[in-house]
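Work through the exercises below with the sequence and the structure open. Each task is followed by a solution in steps.

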Amino acid sequence: MELLPLVCLCLLSCSGETSAAGDGVKVLVKEGSDAVLPCSLRPKEDITRQTFDWRKDESQKDVFFYNSGIHSDNSNIGQDEQFKGRVSHFQDQLKNSNASIKIIKTKMVDSGNYSCIFPNLQPRQTFIIELVVGQVLRDRTGENIPGAAPKPNIDILADTKTRVCCSVKLTVIHLLQ
Ligand SMILES: *[C@@H]1O[C@H](CO)[C@@H](O)[C@H](O)[C@H]1NC(C)=O
Ligand SMILES: *[C@@H]1O[C@H](CO)[C@@H](O)[C@H](O)[C@H]1NC(C)=O
């Protein structure tokens, strides 16, 4: 079935906050909304007693640090001004090896490449997540569900490719049914 690869690609670009991009993961959000940056260790292990460190770009800006329950949100561990009070982890997810973070009220300057690093593992593990914060081109107030990672909509970044892709996806799925 030759159409299948196309379906997969389209689902990736339309369906949510993450998509495979190069060696990493890409998260698209509208400016002002919240972003969840995913990071999970495999195989699964409880990371409640682990250390993980989120850094941004080549400058290695401190985004979020966690070490056995002590973290940027409950201590004075160095955190860049840009992220003060805006980044949290998911405490109840740590036992599922999930070190994802949430950045609230994203700004354009938050765009960039984030690394999620487990410095104490042998070998040390690093995951790269690219965040793209786009301008809201149309007013769609009322669409954001508080607390939920916003779905990047087709109006973000005026991405005509995605738009085309979405209609292709619908057509293909229709054909398959
Ligand atoms: C990690 O936790 C976040 C927040 O609960 C959730 O959105 C995400 O799906 C989880 N990731 C995995 C791989 O379970
Ligand atoms: C993130 O890294 C990728 C791959 O190195 C690069 O192409 C992209 O421009 C970077 N993104 C930002 C916002 O710096």
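**Exercise 1.** In this predicted model, find which backbone atom the side chain of serine 72 reaches, and at what distance. Then decide whether serine 72 is buried or exposed.

*Solution.*
1. The side chain of serine 72 comes to 2.8 Å from the backbone nitrogen of phenylalanine 65.
2. Serine 72 sits in the loop between strand E6 (70–71) and strand E7 (87–89).
3. Not counting residues up to four places away in sequence, serine 72 touches Phe64, Phe65, Ile77 and Gln79.
4. Its relative accessibility is 8%. Buried means under 20%, so serine 72 counts as buried.

**Exercise 2.** Determine which strands pair with E10, and in which direction they run.

*Solution.*
1. Strand E2 (residues 24–30) runs parallel to strand E10 (residues 125–134), and six bridges join them.
2. Lysine 26 has glutamate 130 as its bridge partner in E10.
3. Strand E9 (residues 112–118) runs antiparallel to E10, with seven bridges between the two.
4. Here asparagine 113 stands opposite glutamate 130.
5. E9 and E10 make a hairpin, with six residues between them.

**Exercise 3.** Describe the largest nonpolar core and list the contacts of phenylalanine 52.

*Solution.*
1. The core has 25 residues, and those with the most contacts inside it are Leu37, Phe52, Trp54, Phe118 and Leu131.
2. At least two residues of this core come from each of several strands, including E2, E9 and E10.
3. Leaving aside neighbours within four places in sequence, phenylalanine 52 is in contact with Ile47, Phe64, Phe65, Tyr66, Leu94, Ala99, Ile117, Phe118 and Pro119.

Note on methods
Residues numbered from 1 in each chain as written. Chains lettered and ligands numbered in written order. Predicted model: local features only at pLDDT ≥ 70, side-chain atom pairs only at ≥ 80, totals over all residues. Heavy atoms only, no water. Pairing = 2+ DSSP bridges. Helix = DSSP H or I, 4+ residues; strand = E, 2+ residues; numbered from the N terminus. Core = buried A, V, L, I, M, F, W, Y, C linked by side-chain atoms within 4.5 Å. Buried < 20%, exposed > 50% of the residue type's maximum accessible area, 1.4 Å probe, protein only. Contact = heavy atoms within 4.5 Å. Polar contact = N/O pair within 3.5 Å; in protein donor to acceptor, adjacent residues only side chain to side chain.
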